[in-house]
Amino acid sequence: MADLLVILVSAIFVNNFVLARFLGICPFLGVSKKVETALGMGMAVTFVMTVATVVTWFLQYFILIPFGIEYLQTIAFILVIASLVQLVEMVVQKVSPVLYQSLGIFLPLITTNCAVLGLAVLNIQKDYTFLEGIVFAIGAALGFTLALVLFAGLRERLELCAVPRSFRGTAIALVTAGLLSLAFMGFAGLVKG
Amino acid sequence: MKLRTFKGGIHPPENKHWTSHKAIEDCPLPDEMVVPLSQHIGAPSVACVEVGQHVAKGQEIGSAKGFVSVPVHAPTSGEVAAIADFPHPFGTSLPAVVIKPDGEDSWLSNLQFTDPGSLTSEEVIEKVRLAGVVGMGGAAFPAHVKMSPPPEKPIRTLLFNGVECEPYLTADHRMMLEESERVLQGVSLLQYVYGAERVVIGVEANKPDAIALLKKQCADTPVEILPLQVKYPQGAEKQLIAAATGQEVPSGGLPMDVGVAVHNISTAAAVADAVMLGRPLIERICTVTGPAIKEPKNLRVRIGMPLSHLVEVCGGFVEDPGKIILGGPMMGFTQVGFDVPVVRGTSGLLLLREDDVTKAAEGPCIRCARCVQACPMNLLPTAIAAYARRSLVEETEEYCAMDCIECGSCSYVCPANIPLVQSIRLGKAAVLAKKRKALL
Amino acid sequence: MIAAILSLGCIGMIAAVALGFAAKKFAVEVDPRELAALEVLPGINCGACGFPGCAGYAKAVIAGSADLNQCPPGGAEVVARLARILGVEATAAARQIAVVVCQGDNQRAQLKYRYLGLEDCTAAQKIADGPKACPGGCLGLGSCQQACPFGAIEMTADGLAVISREKCTGCRKCLAVCPRDVIRMTPYESAVHVLCNSHDKGAVVRKYCQVGCIGCHICQKTVPQAYKIENFLAAVVYEQDAEAFEAIAKCPTKCIRDFNEGYPAGSTFLPAGNNKSDAA
């Protein structure tokens, strides 16, 4: 039980996927202009990450390893993730067309989001059990959403600031992202490893 | 003993020494008086006299239009010279009645003394309405409307505003010192109408003589005299309510929502005149002050006197004024010229020299939060102003721009000279425009 | 080998079937023409069409609830392309551009008071109807310049707004923010304009502006069909303005300008090649 809590806290704060592992920077910078959009993206990614973890875990331990085709890991995982993202796209378009418009190209780009594939691969690398895998996935997704929402909040405030001309737009966003990353380093040492 | 107060606020230099010790002087009549038909919040009055007609002092020259409106009266006897658009303190030209005084200054003939004990509440309110009594603190809200709260909102506390927190102004101070009987008569009349459990007169601690005098005169009455900490804007009604009762008026609400009614002490005096003597509101005390005027005075002026006349009565200018303000330096209206008349809400005429005017350029916001600390309404002026300037109407409304009382504390403390109140005003206008559009 | 092919193949099949079902269940009707229309539009989301962004207009055009020529920045090209998508004939409306009808900068026009506040025309207008003595003149604080998404407006050093004829796309955002209504939409083909917005009598105008229209009627007497005078203010009749340039020299206050000859004093814009006055 304590182990699961450690995995959760580690995935959300200490080894945050975006701010510590630097995975998933693409939507982090692309979808974080408004808090609502960031939240929407976070929820979509949470769904994809959790379901992908379940499916890929089974895939790895019941098909790839028994048949000795571990070398197909990358392709098989991407296949699963791509299908899930396609499903999410369809659902979002139906349920919230506004969110669909505001996410734009970044919704299908979840397929190539290294955070999702990274999560799936890390799960296998760390030899997690099924339950541990699920908790790790939830933590990773929550951490991803947290990073996105925090950054969106900061960027909304930045809209009101008198930023020097050469720093406007992406430049100041990157500087802020670096500072946010630095802030999250404060969690280092909270959890061993 | 710690004096009661409210959260936030600022301490601008009082500058009341120019006139606080000077007794009220009567202002002689000018050659021509321009009486605007709109001197109050609510619908402007409609002229009910004709050019060439002779009017008596106190005669109705403009009738009220609707419930939230009051009639306008002739400030002296004379002939109606014109009815046209004239420059108004609000900055534009608005309809007004021009009267040429005949020198007689004779009151309307049917004014008589009425024993207030013989009148019902409704009769008192009607007399107040007919006399055109409006809030004399500057807002000019029709008093009879305030005195008629809906029955589901009973008034438990009646507050009187003797605070006069604006720098430079001393009109209310002199009223309390020299005409305290009229004020207290008005207080008891209003208490009769409201039937409140508690009656309080709030006075800032920088007027110890007024506090002492009022305390002596109210010694055997249930009227409380409450000295308050000297801080701007203690005289704003929501802040007065907070200090006197500890209650907060809800966002978008009115004092009656917390069972309170607030009246200026000069309004109370006007109510006494209206009910007991039948006299309409045609004169008030106005503090003419500032470093640019030769003889600062507290003048008893009549509605319709042009500002140029007041300046003449006060000895003229020390040097050409850089800024002309009707009211106090924090919330007063800057004027473009002197051909504007005194209206019912004119509590002061402030003349500043060129050197007294701040002309520093605007700098960027450094998020020092001085404005947040100063705001008496617990708002975030820097955020509201930033959103308003970028025309982000939704966010402007979300950050409670409509609760801003435009007191000017934020603009005063801003080290970057950002025009915060002006930006917030723009934001409020945009929010109102959006609401109006949505209703269409 | 076989295992590899089979396992991947199976996963693929399962995914395909599942997605097939989902596609049916979560189907959303999207007219492909809408996407085509969105491609064709400029994508600036300026709102000149009256719809929420280019996506809104694309939807309305395809649905038939909007005209083809409601996108001024797109111009004739977009109208033609939209027509092709819808399979209809199209005629574009004549190009219209915005003009600031005032030349009263700080050198030429008087001020009522010195304004020391927010650099915004709407804010300044709220204070005693604006710092300019002239009730209709340009306040020169730059709100229109900030509103223009195309950078077509400049403020001269003496506080006058000038709009570039070439850069203006006719989106009307400047008209919407100007509190003095001193910006007018005019046909691009017309380069001669009377630059004054005051309906005050001539004597009054002379007091507060050197280059205001005094309503003397000389322009109308010179070229009767090209000028109309309403309430002491002259204006060019754009439908018949071929000879309008002839009155420019006769105007006593020099308030009529041919933009093909040059922009108002202080402006950095240069007129484009064609000179209508040469054509006569």
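Angles under 35 degrees count as roughly parallel, over 145 as roughly antiparallel, 65 to 115 as roughly perpendicular and the rest as oblique. This is a predicted model, in which local features need pLDDT of at least 70, side-chain atom pairs count only at pLDDT 80 or more, and totals for chains, interfaces and linings use all residues. Residues are numbered from 1 along each chain as its sequence is written, chains are lettered from A and ligands numbered from 1 in the order in which they are written, and side-chain values use heavy atoms, with hydrogens and water left out.

**View 1. Helices H7 and H8 of chain A are oblique to each other.** H7(A) covers residues 130-158 and H8(A) residues 170-184; their axes lie 11 Å apart at an angle of about 135 degrees. Helices (H or I, at least four residues) and strands (E, at least two) are DSSP runs, numbered from the N terminus. Axes are lines fitted to C-alpha atoms, for helices over the stretch in contact, and angles run from 0 to 180 degrees between N-to-C directions. The two helices cross in a right-handed manner (right-handed if the near helix is turned clockwise from the far one by less than a right angle, left-handed if anticlockwise). Residues of H7(A) including Leu146(A), Phe151(A) and Arg155(A) meet residues of H8(A), among them Ile172(A), Thr176(A) and Phe184(A); contact means heavy atoms within 4.5 Å. By class, this contact of H7(A) with H8(A) has eleven nonpolar, one polar and one charged residues. Ala, Val, Leu, Ile, Met, Phe, Trp, Tyr, Cys and Pro count as nonpolar, Asp, Glu, Lys and Arg as charged, and the others, Gly among them, as polar.

**View 2. Helices H3 and H4 of chain B pack at an angle of about 90 degrees.** The axes of H3(B), residues 171-178, and H4(B) are 5 Å apart. The angle makes H3(B) roughly perpendicular to H4(B). Met175(B), Met176(B) and Glu178(B) of H3(B) meet Ser180(B), Arg182(B) and Val183(B) of H4(B). The residues of this contact divide into three nonpolar, one polar and two charged.

**View 3. Helices H4 and H5 of chain B cross at roughly 55 degrees.** The axes of H4(B), residues 180-194, and H5(B), residues 208-217, come within 11 Å. H4(B) is thus oblique to H5(B), and the crossing is right-handed. On H4(B), Ser180(B), Glu181(B) and Leu184(B) meet Leu213(B), Leu214(B) and Gln217(B) on H5(B). The contact has three nonpolar, two polar and one charged residues.

**View 4. Chain C is in contact with chain A.** In this interface, 15 residues of chain C touch 17 residues of chain A. The buried area is about 1,300 Å², of which carbon and sulfur atoms give 84%. Buried area is the accessible area (1.4 Å probe) that two parts lose on being put together, summed over both. The count of salt bridges between these chains is zero; a salt bridge is a side-chain nitrogen of Lys or Arg within 4 Å of a carboxyl oxygen of Asp or Glu.

**View 5. Chain C is in contact with chain B.** Here 14 residues of chain C meet 14 residues of chain B. The two chains bury about 1,000 Å² between them, 65% of it on carbon and sulfur atoms. One salt bridge is counted between them: Glu354(B) pairs with Arg114(C), the closest N and O atoms being 2.8 Å apart.
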